[in-house]
Amino acid sequence: MRRALGILGCCLLLLLPLPPAARGSPHRLRRQPRPGGGLPGSQAAADTACKNRPLDLVFIVDSSRSVRPEEFEKVKIFLSKMIDTLDVGERTTRVAVMNYASTVKVEFPLRTYFDKASMKEAISHIEPLSAGTMTGLAIQTAVDEVFTEEMGTRPATFNIPKVVIVVTDGRPQDQVQDVAASARTAGIEIYAVGVDRADMQSLRIMASEPLDEHVFYVETYGVIEKLTSKFRETFCAVNVCALGTHNCEQVCVSNDRSYLCDCYEGYTLNPDKRTCSAVDMCAPGRHECDQICVSNNGSYVCDCYEGYTLNPDKKTCSAVDVCAPGRHDCEQVCVRNDLFYTCDCYQGYTLNPDKKTCSRTEVCAPGTHDCEQVCVSNGGSYTCDCYEGFTLNPDEKTCSRAITSSLVTTEESCKCEAIAALQDSVTSRLEALSTKLDEVSEKLQAYQGRQ
């Protein structure tokens with residue numbers, strides 16, 4: 001498969017041993033001359049704008065017995081210089097380092113460091129393991145233990161290339177071909193760097209295609225650090241956006257050696273693919289407001305209808321309790337009516353014309369009470385009473401004539417005696433009159449009999 005990383009216009013190492021005149025430096029192909037000769041004036045700017053694409057990169061370094069201590073120090077310098085050329089970070093290139101001989105040691109996985117200083121400090125403390133050269137075991141360990149999400153590899157959906165760089169100076173003492181093939185099938189791109197006595201056939205077997213872009217060879221560890229510039233070109237993607245030669249109005253997105261234009265949030269790309277127009281963020285389907293969407297300079301905020309208040313999620317609304325303290329102007333009683341309210345008064349009070357304040361009611365005014373005879377005002381209420389000679393019935397509203405048995409006074413007694421004497425006199429006179437009438441009647445009957 002073609003290399004998935006960067007743009008290779010760089011010089012690559014040949015796979016064959018170097019001729020004597022080239023010893024001490026990496027063998028490379030001749031760069032094709034540019035039209036017009038020399039480098040273009042913008043080349044220096046292009047170099048400064050060159051950043052490697054995000055990678056999940058694992059270095060696997062051989063520290064077997066054949067690698068002398070001073071040579072292993074050269075390998076560590078190479079690793080540090082490689083890190084200097086990378087755009088290292090949690091969201092850019094993540095780096096892991098593995099050390100192997102007869103055994104394999106993960107010096108630090110992809111999730112551990114996200115800055116160059118920490119990585120280089122950790123590399124400076126790596127110690128060689130010595131003993132054999134189990135290259136196949138090292139690659140398998142990378143697949144099983146390092147290229148996992150738990151160890152910092154990003155999910156496949158992120159489309160971050162997984163890359164291995166193997167540095168070795170010997171022949172593997174275990175099976176490499178099937179292990180490397182399995183790793184490549186899993187999407188891992190393998191670069192093989194051979195030093196001194198490295199077995200060229202083994203390098204070819206483990207590396208990805210095309211081999212002339214994935215196999216590197218140097219005669220000694222003394223010149224291995226010179227490979228850093230070659231890897232830099234291999235992993236480099238020229239950032240056209242950084243050169244300032246684009247014509248995007250808002251956002252330039254580098255795309256290999258080209259670019260695409262994009263817009264800030266709240267704007268949309270016009271048909272010319274360069275300029276941007278503000279999006280009506282309050283158009284139907286574009287916002288998440290429950291009631292009212294208020295456009296705000298390419299964005300929006302939510303609001304609510306009268307009688308509602310915005311919830312903490314800043315999107316939905318809830319009805320306001322319009323009768324809550326401080327929300328109404330009723331003097332006595334607030335009566336909620338859906339989203340509005342009306343005022344009312346306590347018993348014994350009546351609502352004033354302003355529909356807010358209350359005045360005490362005259363509860364004994366005609367037509368305002370149900371007392372039969374007498375209404376007695378009592379604060380905001382009333383009680384019923386009766387005229388003299390009457391008593392209040394159990395219903396506490398109506399009255400009945402009172403029955404008295406009080407003693408008669410002397411004056412009243414005298415009046416009674418006079419009345420009684422008068423009555424006796426009248427009776428006597430009536431009886432006398434009745435007697436005379438009887439006598440007259442008898443004389444009349446006698447007279448009529450003589451006739």
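Reader: Let's start with a proline. In which loop is P210 found?

Author: Keep in mind that this is a predicted model. P210 sits in the loop between α6 (200-206) and α7 (211-214).

Reader: What is the peptide bond from E209 to P210, cis or trans?

Author: Here's the general idea: most peptide bonds are trans, and most residues other than glycine have a negative phi. The bond from E209 to P210 is cis, with omega near -10°.

Reader: And phi? Which value does N159 have?

Author: N159 isn't a glycine, yet its phi is positive, about 55°. You'll find N159 in the loop between α4 (135-146) and β5. With 66% relative accessibility, N159 counts as exposed. D196 also isn't a glycine and has a positive phi of about 55°. Look for D196 in the loop between β6 and α6. D196 has 28% relative accessibility, so it counts as partly exposed.

Reader: Okay, on to helices. How do α2 and α3 pack?

Author: In general, you describe two packed helices by the angle between their axes and the distance between those axes. Here, helix α2 (residues 69-85) and helix α3 (residues 116-124) pack at an angle of about 175°, and their axes are 10 Å apart. That makes α2 roughly antiparallel to α3, because angles over 145 degrees count that way.

Reader: Which residues make the contact?

Author: From α2, it's K76, L79, S80, I83 and D84; from α3, K116, M119, K120, I123 and S124. Sorted by class, this contact of α2 with α3 has 4 nonpolar, 2 polar and 4 charged residues.

Reader: What about the inside? Which residues touch the most other members of the largest nonpolar core?

Author: The general idea is that in soluble globular proteins, nonpolar side chains tend to be buried together. In this model, the largest nonpolar core has 34 residues, and I165, I224, F231 and F235 touch the most other members. Several elements each supply at least two residues of this core, among them β2 (56-62), β3 (94-100), β5 (162-168) and α8 (227-234). The largest share, 6 residues, comes from α2. Another core lies apart from it, with 28 residues, including L110, V164, V166 and Y217.

Reader: Finally, the whole chain. How many helices and strands does it have?

Author: The protein chain has 10 helices and 24 strands. Of its 451 residues, 37% count as buried. The chain exposes about 26700 Å², and carbon and sulfur atoms supply 50% of that.

Technical notes. Residues numbered from 1 in each chain as written. Predicted model: local features only at pLDDT ≥ 70, side-chain atom pairs only at ≥ 80, totals over all residues. Heavy atoms only, no water. Axes fitted to C-alpha atoms, helices over the stretch in contact; angles between N-to-C directions. Helix = DSSP H or I, 4+ residues; strand = E, 2+ residues; numbered from the N terminus. Parallel < 35°, antiparallel > 145°, perpendicular 65-115°, else oblique. Contact = heavy atoms within 4.5 Å. Nonpolar A, V, L, I, M, F, W, Y, C, P; charged D, E, K, R; others polar. Core = buried A, V, L, I, M, F, W, Y, C linked by side-chain atoms within 4.5 Å. Buried < 20%, exposed > 50% of the residue type's maximum accessible area, 1.4 Å probe, protein only. Areas by Shrake-Rupley, 256 points an atom, 1.4 Å probe, with all protein chains shown as cover.
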